[in-house]
Amino acid sequence: MSYIVNKLIGYLRLMRPANIITAIADILAGVAISGYFAGITFQTCDLDSTLPVVCLCLATIGLYGGGVVFNDVFDASLDSVERPERPIPSGVISKTQAIILGCYLLLVGILAAFAVGHLNGCSGWIAIGIALSALVYDKWGKHHAFLGPLNMGLCRGLNLLLGLSIVPSALKHFWWMGLIPVIYIAAVTNISRGEVHGGSKKSLRITGLCYALVYLTMAVMAALQQHIWYALPFIILFAFLINRPLFRAMKDPSGPNIGKAVKAGIVALIVMNAAWVAAFAQLPFALFVLLLLPFSLVLSRIFAVT
C-alpha cells in the first residue's frame, strides 16, 4: 500500500499541481476575454455552456502537466546533482515511467482541445503548439539566456489563446493579448536561473520593469472595457503579491530569496487572471477565479512550484 501511495505522490510531484491550477486560471481568463460569458450568469450556467470550458480546463491540465513532467525527464542528470530529492533522481519514479506519464498527459490535453474545436480545429492546433513549445523549452530553450524566457512565456501566451479559442472569432480581435503572458512569464523565468546559486540585481530590476508594464497594461484594458473599478482591486493585489518578494530579492539576491520571488510570480498568475476576468466579464466570475488562489497556495506548500 505504501508503495502505491509513494508512486502516486511521486507522479503528483512531477506534475506540479499548484502550477496546474494557475494554468486553469489562464483558460478562464481567455474564455472571459473572448466574450463567452456574455449573457451567462452563475444562475443560467448549464451543461451545454460549461462543458466546452471544462474540456479546455482538462486540456490545459494535460498540456501543462505533460510539459513539466518532460522538464524533469530532460533534467534528470542535472537534478541528480542539484535536486536529488526529486522523484526521478531519488528513484521514486523511473525515467521510463515519467516519459509514459508525460506522453499520456500531452495526448489527453490535445484530444480535449480538439473536442472543443471540432468544428474548426482552432483549439486543437493551439494545443499542439503549446505541447511543441513546452518540449522545445524542456530540451533546448531553457539553456538559452534570452530565448529560454521567451520560449517559456510563449507557452503561457498560447495557453491564454487556448481559452480565447472557445470563441474563434475573438482570436482575430484579441490575439495580441497573448503577448502579455509572454512578457510576464519571460520576466519570471529570467530571474528563476538564480534559484540555486543566486542572481543579479540587474536581472531583478529588468523583471520589475516587465511587471510594471504588465499591470499597467491590465489597468488600461480594464478602463477601456469600463470595468476599471471591478478590476483595480485585483490588479493591486497582483502587484503586491509579485513585488513584495521581488523587492526583498533585490536587497539580497540569494538563491532562497529569488526562489520565493519566482514562486510568488507563478502563484500570482491566478490573481492576474482574475483581474482579466473582472475587466472583461462579470465580477462573480472573477471572484470564482480568485478562489483558486488558496488551493494553489496550499498545494505550493506541499509540492514544488519551480
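Biologist: How does α10 pass α14, left-handed or right-handed?
Modeller: The crossing of α10 over α14 is right-handed. Right-handed means the near helix is turned clockwise from the far one by less than a right angle, left-handed anticlockwise. This is a predicted model: local features need pLDDT of at least 70, side-chain atom pairs count only at pLDDT 80 or more, and totals for chains, interfaces and linings use all residues. Residues are numbered from 1 along each chain as its sequence is written, and side-chain values use heavy atoms, with hydrogens and water left out.

Biologist: Which residues make that contact?
Modeller: Ile 180, Tyr 184 and Ile 185 come from α10, and Leu 269, Met 272 and Trp 276 from α14. Contact means heavy atoms within 4.5 Å. By class there are 6 nonpolar residues, no polar and no charged. Nonpolar covers Ala, Val, Leu, Ile, Met, Phe, Trp, Tyr, Cys and Pro; charged covers Asp, Glu, Lys and Arg; the others, Gly among them, are polar.

Biologist: What about α2 and α8: at what angle do they pack?
Modeller: About 50°, with the axes of α2 and α8 6 Å apart. Axes are lines fitted to C-alpha atoms, for helices over the stretch in contact, and angles run from 0 to 180 degrees between N-to-C directions. That makes α2 oblique to α8. Under 35 degrees is roughly parallel, over 145 roughly antiparallel, 65 to 115 roughly perpendicular, and the rest oblique.

Biologist: How many residues line the largest pocket?
Modeller: 39, with Asn 71, Tyr 137, Met 152, Ser 192 and Thr 306 nearest its centre. The largest share, 6 residues, comes from α3. Helices are DSSP runs (H or I, at least four residues), numbered from the N terminus. The lining divides into 17 nonpolar, 10 polar and 12 charged.

Biologist: Which residues lie nearest the centre of the second largest pocket?
Modeller: Leu 241, Pro 245, Lys 260, Ala 264 and Leu 297, out of 15 lining residues. Its volume is about 510 Å³.

Note on methods:
On a 1 Å grid over the protein atoms alone, a cavity is a set of points where a 1.4 Å probe fits but cannot get out, and a pocket is an open set with protein on both sides within 12 Å along at least five of seven lines; lining residues have an atom within 4 Å of a point. Helices (H or I, at least four residues) and strands (E, at least two) are DSSP runs, numbered from the N terminus. Grid points are joined across faces, edges and corners, and a volume is the space filled by probe spheres set on the points.
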